Amino acid sequence: MRPLSELTRPNILKLKPYSSARDEYGGKEAKIFLDANENPYNVPYNRYPDPLQRELKEKIAKIKRVKEDRIFLGNGSDEAIDLAYRCFTRPGIDNVVAIEPTYGMYKVCANINDVEYRPVLLDDHFQTTADRLLARCNSKTKLIWICSPNNPTGNNIRREEIIKTIERFDGLCVVDEAYSDFSSEVPLRLELEKYPNLIVLNTFSKAWGCAAIRLGMAFASHEIIEIFNKVKYPYNINTLTQKQALEILKEPYDVEKWVKIILIERDRMIEAFKMLPFCIKTYPTDANFVLIKVNDAQAVYNYLEARGIIVRNRSKVALCGNCLRITIGRKSENNELLSALRQY
């Protein structure tokens with residue numbers, strides 16, 4: 001790995017971050033707050049939230065088995081994705097490498113930040129190798145993006161190839177584990193001590209059932225997290241989001257139960273999809289959704305939409321011609337979907 005000082009944008013290295021009143025206060029015991037020009041009425045919503053989300057990170061650290069100073073919390077995982085570009089890539093100069101197909105925000109953020117995006121097409125089994133990824137890199141490559149389990153394909157990228165990539169790449173590897181709770185693979189966030197150039201993304205939107213609160217996580221070395229915190233907006237996670245996250249973290253066994261039910265339903269739905277006469281192929285999945293290839297994806301999509309059932313047509317994505325991505329819902333929702341498909 002190149003020194004972090006070489007990977008970081010020069011202007012970010014020199015940046016003196018904005019210091020909010022609550023940064024200076026630092027969470028010490030106090031009873032009167034006259035430091036942030038807040039309205040003294042409408043408690044508790046009159047107060048700015050903790051800019052570093054200390055209480056929330058303490059709870060997350062125990063559940064995710066990651067040290068508190070290695071956790072960044074963002075407005076969805078998308079904030080961490082954008083920060084990786086803003087902190088480490090120079091517009092018009094640097095580039096990033098990513099598997100293809102994959103989550104679309106990696107490319108969108110590259111375009112927003114004027115950074116060259118170099119896709120590496122997956123093979124027919126939706127896999128890649130370290131050799132193929134590294135072959136697309138040059139001295140200006142700062143980031144490699146790997147989503148595993150991958151979206152929209154659903155499968156885990158081979159762990160040994162991800163590890164080889166991390167070990168051999170001299171930049172930063174970002175592994176997006178948004179769907180890892182639905183996989184039997186050991187999360188790479190538990191390997192942070194081994195790999196200082198690893199950033200792992202996770203989210204409250206999937207297994208934790210909290211897409212509405214927009215809370216994403218990034219796990220990385222203390223030094224990388226410090227850079228993220230220097231660049232992020234001062235109060236990026238609002239009080240309502242922090243409170244709701246603390247509430248859901250009190251019930252981790254509910255999340256385990258939800259995941260088990262979803263996995264049972266996933267297996268049932270895969271077998272049911274295989275029986276549909278217009279279903280050409282059902283792809284293996286390690287996520288909470290299934291990618292299926294049909295004879296006419298747009299026609300099936302339109303048919304379901306007319307019946308109030310929305311799935312995702314991924315036909316325009318590389319390697320996913322005539323493919324529908326179908327999320328696993330409640331049993332009643334899955335049954336309604338199957339009933340409609342069997343009448344198609």
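**Figure 1. Salt bridges in the predicted model.** The structure holds 17 salt bridges, a salt bridge being a side-chain nitrogen of Lys or Arg within 4 Å of a carboxyl oxygen of Asp or Glu. This is a predicted model, in which local features need pLDDT of at least 70 and side-chain atom pairs count only at pLDDT 80 or more, while totals for chains, interfaces and linings use all residues. Residues are numbered from 1 along each chain as its sequence is written, and side-chain values use heavy atoms, with hydrogens and water left out.

Figure 2. The closest N and O atoms of aspartate 82 and arginine 86 are 3.6 Å apart. Aspartate 82 counts as buried because its relative accessibility is 19%, whereas arginine 86, at 24%, counts as partly exposed. Here buried means under 20% relative accessible area, exposed means over 50%, and partly exposed lies in between (1.4 Å probe, protein chains only).

**Figure 3. The salt bridge between arginine 118 and glutamate 116.** In this pair, the closest N and O atoms are 3.0 Å apart. Arginine 118 has a relative accessibility of 13% and therefore counts as buried, while glutamate 116, with 42%, counts as partly exposed.

**Figure 4. Glutamate 191 and lysine 194 in a salt-bridge network.** The side chains of glutamate 191 and lysine 194 meet in a salt bridge, with an N to O distance of 3.2 Å. Salt bridges that share partners join these two residues with Arg159 and Glu185, so that Arg159, Glu185, Glu191 and Lys194 belong to one network. Glutamate 191 is buried, since its relative accessible area is 16%, but lysine 194, at 57% relative accessibility, counts as exposed.

**Figure 5. A negative surface patch.** The patch is formed by Glu55, Glu58, Glu68, Asp69, Glu223 and Glu226. The elements that give two or more residues to this negative patch are α4 (54-64) and α9 (222-231). Patches are made of residues with over 30% relative accessible area and no salt bridge, with like charges joined within 9 Å and nonpolar side chains (Val, Leu, Ile, Met, Phe, Trp, Tyr) within 5 Å. Asp and Glu count as negative, and the place of the charge is taken as CG of Asp or CD of Glu. Glutamate 223 lies in helix α9, and, with a relative accessibility of 44%, glutamate 223 counts as partly exposed.

Technical notes: Accessible areas come from the Shrake-Rupley method with a 1.4 Å probe; for residues, only the protein chains shown count as cover. Helices (H or I, at least four residues) and strands (E, at least two) are DSSP runs, numbered from the N terminus.
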